[in-house]
Amino acid sequence: MSQKLPTAALEKQPAAFRTPARERAKRLQGRRAVAGLGTRLGLVGVYAFLVVMTIFALFPFYYVVQASFAGAQNLYTTDLHLFPAHFTFANYLTAFTQEPLLNWIGNTLLVCGLTALCGLVCSTSGAYALARFRFAGRELTLRALLTLQAFPGLLALTAYYLLLNALHLLNNLLGLVLIYSAGAIVFCCWNTKTYLDALPIELEQAALVDGATPFQAFWHIVLPLATPALAVAALFTFMTGWNEFALANLVLNANANGSNLTFILGLYSLQSDFRTPWGIFAAASVIVSLPLMVIFFFAQRYFRSGLAQGGLAN
Amino acid sequence: MLRVKRRTIVAFLLPMLVMMAVINLWPILYTLYLSTTNYSEFNSDNYRFIGLENYRQLLFSLDSDFFPVLWQTLLYVVVCLVCFLIVGMLTALALNNPRIKGLPFWRVILLLPWAAPSGITALIWKFLFQYDFGPLNQIGRLFFGQQFGIPWLLNPTLAFIAVVIVNVWLSYPFFTVVILGALQSIPGELREAARIDGAGPWQYFRHVTLPLVTPALIPAAILSAITTFQMFNTVFLITQGGPVVSALKPGATEFVMIYMYNRILGASVANPHYGFIAAFSITLFALLAALTYLGSGLGTRLPELSGFREART
């Protein structure tokens, strides 16, 4: 340990200096010993904290995974069961065969996919215009975007209901896509625009000089370069849709077997059953959460770099 | 900047502006219009313009739920934010401690709640809080005997605590990431210099770490305050805004968005007053917009950051 070195050096001091120096060294050593003990205790404390946080973070996951493999006798009891007494796949089988799980997943994929697509298609060229052209009303548009960003679609519940009613899109997945697109467009536009702001303009200028039309420059030069930002925007839009409950509940009314719902609505309807089928609920949650979490973890780094270039980095 | 014809600019902007006019702007303007009428389910055929009457009723009437619901929501925001900051700071400090073995492992585990789809985990948490079969009470029974049971979702205070716990579980990883990023950008020489000057760990934290982390924390905190303020999904899926103690008062976890939703689509509401709720919406929007401007005024980039966080709201 390097802490011993100064003391050893002090021993070699002339006698005249020895006492006070030694005294000082001793005191210092004592203090260091206390500090060392403190650090060690602190280290134990940090580990203890990490273990507690791990339990907090993982318990819901663990419990639901084990519940998905457990039989009913493990779940409808007042005693704690942390391991399935009889390991079974029955919950998964039932989830797929008796509940319209595949329909829910399909509906959600359709809604989220179309929302992401609509968000990108409608916003990308606009974002390009805001990033590259100067025109009257540009500042106003940017300010409006920022304000709209603050508007949760839920606040206009009545208006959306009447709008979809007029368009005959109530109880229709496309109606949900339309409402979700409102948030998606604003987010995609802002994210893409900040990304393009950081992208060098020279390539496009050169293309224009060489006789390309602005649209050709946009299509052949900018779009390929902006792919990371577009992918990130699409992914976020997609994942937001997965969790949205309120507007989905407004637009979609469950039919007889509930096959027209999105996933989160279906899961909720499972839970509000008179006798909640916890095992099936757990199995359904695992089936859907797992792929999403895997995607999230693999995409995480990509997310951060895409957004960092989009202006997050500071 | 590129010089192009005006026609080109319009062509580029048109798809976005048309779409936004229909699905962003029109609903807001229509809500604004509704807020000045007495439109309700029962008089949907012959409603009329009543000026600012709805706003007067909302803000100045004594039996208006607006301020109780707003205070309740603000309390929730403050309690959640304090918990986010404390848990996020502690986890980030732990993950930034070079003496801890296996840091990548801990990091993955502690950030896991972030990756989970929040709607599904809210329903899972509801399961955990269940009185008879929920594992939280089952654990309690191990220690305190069979009659033990915490009425998590039945008691107003406990339900409030429950939704705070879930929100902390969902949101602390965001703060961990933000704070950890800021911690890792603190140069190592500062620690050395502070040590030589005789600063203890607390002094180092108080006078070096905290001031250097704060600039990164402020936008994250404002953003989280906004998302928590308008939180709907997580809380609604767990409590539906309840438990309701009296028919005259809003439920204990009936925060602004849930209140609005329940007044329109709630099972017990026979005659939704769309006009009045529209006034409620517009007032909330004004508050949210003000908060967003405040946030962007502080030199932050809320929209991008919100995307960063979005995956889990």
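This is a predicted model: local features need pLDDT of at least 70, side-chain atom pairs count only at pLDDT 80 or more; totals for chains, interfaces and linings use all residues.

**Chain A on its own**

I began with the accessible surface of chain A, which comes to about 15,100 Å², with 67% of it belonging to carbon and sulfur atoms. Accessible areas here come from the Shrake-Rupley method with a 1.4 Å probe, and for residues only the protein chains shown count as cover.

Residues are numbered from 1 along each chain as its sequence is written, chains are lettered from A and ligands numbered from 1 in the order in which they are written, and side-chain values use heavy atoms, with hydrogens and water left out.

Next I looked up the secondary structure of chain A and found 14 helices and 0 strands. Helices (H or I, at least four residues) and strands (E, at least two) are DSSP runs, numbered from the N terminus.

I then checked burial: 50% of the 314 residues of chain A count as buried. The cut-offs are under 20% relative accessible area for buried, over 50% for exposed, and partly exposed in between (1.4 Å probe, protein chains only).

For contacts (heavy atoms within 4.5 Å), I took those in chain A between residues at least 6 apart in sequence, and 68% of them join residues at least 24 apart.

**Where chain B meets chain A**

How many residues does each chain bring to the contact? I found 95 from chain B and 102 from chain A.

The area buried between the two chains is about 9,100 Å², and carbon and sulfur atoms give 78% of that. Buried area is the accessible area (1.4 Å probe) that two parts lose on being put together, summed over both. In chain B, Leu2(B), Phe12(B) and Phe127(B) lose the most area to chain A, together 9% of what that side buries.

Helix 1 (residues 6–34) of chain B gives the largest share of the side that touches chain A, with 19 residues. By class, that side of chain B has 68 nonpolar, 19 polar and 8 charged residues. In this scheme Ala, Val, Leu, Ile, Met, Phe, Trp, Tyr, Cys and Pro count as nonpolar, Asp, Glu, Lys and Arg as charged, and the others, Gly among them, as polar.

I counted 0 salt bridges between chain B and chain A.

**Salt bridges**

The rule I used is a side-chain nitrogen of Lys or Arg within 4 Å of a carboxyl oxygen of Asp or Glu. Over all chains, the count comes to 6 salt bridges.

I looked at Glu204(A) and Arg132(A), whose side chains meet in a salt bridge at 2.8 Å, N to O. Glu204(A) lies in helix 9 (residues 202–209) of chain A and Arg132(A) in helix 5 (residues 101–132), so the pair ties together parts that are 72 residues apart in sequence. Glu204(A) is buried at 1% relative accessible area, and Arg132(A) is buried at 3%.

Glu139(A) and Arg138(A) also pair, at 3.6 Å, N to O. Here Glu139(A) is exposed at 54%, whereas Arg138(A) is buried at 11%.
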